[in-house]
Amino acid sequence: AEARTEPDVSDHLLLVDTMQQFSMFAMLEHYLQHPSKLETQTIFQIDPESRQMLLRRYYSYDAAVVREFIGKKLTSRNRKDLDDVSEKTKVPMRSCRRQFDNVKRIFKAVEDLEGSLLRNVARQFSLPESLAKEYACFAFISDCRFETGKKRLAYLDLDDFVYCAYEMILNWTYGMQVHGQTGEPGIDLDRQFLHSLADLKGELGDKDILEQYRNAMRPLLLQSLSAVQFKLIEGNVKVLIRRTRTRNMVSLSLSVLF
């Protein structure tokens with residue numbers, strides 16, 4: 001008889017402990033959503049290492065989930081459509097909503113702040129550098145309203161968009177002016193630079209200008225590429241140039257890199 005009651009006691013203790021954990025998380029979640037308050041709250045005694053671990057896990061994400069809604073307006077209507085995302089990615093609805101809300105929360109918190117976008121994300125949400133960089137890219141894509149859902153971009157995964165967005169942040173945004181000097185990249189695109197790109201698109205159709213472009217790039221490529229890589233690019237210059245003339249984000253990023 002005693003052997004039969006022990007599992008019942010263990011199961012009961014396990015159930016009570018689980019319920020307590022859920023209750024504790026419900027109280028803690030508010031502070032995870034506002035990390036600046038997490039450090040100063042007095043309800044929970046949390047050491048700095050555990051605090052960083054909690055934030056890192058709460059703001060973790062599934063690339064397949066974020067890929068489905070990144071670039072769309074972060075509205076209540078799109079949040080209601082997450083059931084399709086959950087079904088497609090096999091990620092629980094609760095997790096999909098958390099990830100959607102986290103991206104939206106960070107975007108709303110930094111969209112009007114001056115200065116470095118990456119630094120603003122890291123400071124506002126106490127995230128490690130790598131995770132702050134990724135959320136900064138999500139915010140940038142959301143702010144610029146890039147149409148990541150186009151069919152011709154369907155083969156690209158989230159890492160591709162993060163890579164391109166990061167290059168744009170570094171090279172295409174306004175830096176904050178401090179004492180007459182340009183500071184770190186922000187979230188706003190340099191409109192004058194974009195106008196120059198539009199002019200460049202028209203000029204790249206001119207054969208003489210295209211040949212000048214090739215001659216200018218050849219010595220730079222020879223310095224940075226192997227002979228095999230250079231030969232491959234040299235034989236496909238026309239294809240690469242055509243890609244720089246398309247209007248999607250990936251092509252524009254390639255024009256910066258090359």
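Let's start with burial: a residue is called buried under 20% relative accessible area, exposed over 50%, and partly exposed in between, using a 1.4 Å probe and protein chains only. The model here is predicted, so local features need pLDDT of at least 70 and side-chain atom pairs count only at pLDDT 80 or more, while totals for chains, interfaces and linings use all residues. Numbering runs from 1 along each chain as its sequence is written, and side-chain values use heavy atoms, with hydrogens and water left out.

First, the overall picture. The protein has 258 residues, and 33% of them are buried. Its secondary structure comes to 15 helices and 2 strands; these are DSSP runs numbered from the N terminus, with helices being H or I of at least four residues and strands E of at least two. Take contact to mean heavy atoms within 4.5 Å. Among contacts with a separation of 6 or more, 57% are between residues 24 or more positions apart.

Now go to helix 6 (residues 82-89) and helix 7, whose axes are 9 Å apart and pack at an angle of about 120°. Axes here are lines fitted to C-alpha atoms, for helices over the stretch in contact, and the angles run from 0 to 180 degrees between N-to-C directions. That angle makes helix 6 oblique to helix 7, given that under 35 degrees counts as roughly parallel, over 145 as roughly antiparallel, 65 to 115 as roughly perpendicular, and the rest as oblique. On the helix 6 side, L82, D83, V85, S86 and T89 meet M93, C96, R97 and F100 of helix 7. The loop between these two helices holds K90, which has a positive phi of about 65° although it is not a glycine. K90 is exposed, at a relative accessible area of 70%.

Rings of Phe, Tyr and Trp (its six-membered ring) pair if their centres lie within 6.5 Å; planes under 30 degrees apart are stacked, over 60 edge-to-face, and the rest tilted. The structure holds 8 such pairs. In one of them, Y58 and Y59 sit edge-to-face, 5.3 Å centre to centre with 80° between the planes, and both residues are buried. Another joins F69 and F100: their centres are 5.2 Å apart and their planes at 65°, so this pair is edge-to-face. It links distant parts of the chain, with F69 in helix 4 (residues 63-69) and F100 in helix 7 (residues 93-110), 31 residues apart. F69 is buried at 3% relative accessible area, and F100 is buried at 1%.

Y58 also belongs to an aromatic cluster with Y59, Y61, F125, Y135 and F138. A charge sits over a ring if NZ of Lys or CZ of Arg is within 6 Å of the ring centre and within 35 degrees of the ring normal. R98 does this over the face of Y58, at 5.9 Å from the ring centre, and K133 over the face of Y166, at 4.1 Å.

K133 and Y166 bring us to helix 9 and helix 10, whose contacts have K133, A136, C137, F138, F140 and I141 in helix 9 meeting L158, F161, V162, A165, Y166, M168 and I169 in helix 10. Their axes come within 9 Å and cross at roughly 80°, and the two helices are therefore roughly perpendicular to each other. In the loop between helix 9 (129-144) and helix 10 (158-172) you'll find R145, a residue other than glycine with a positive phi near 55°. R145 counts as exposed, at 51% relative accessibility.
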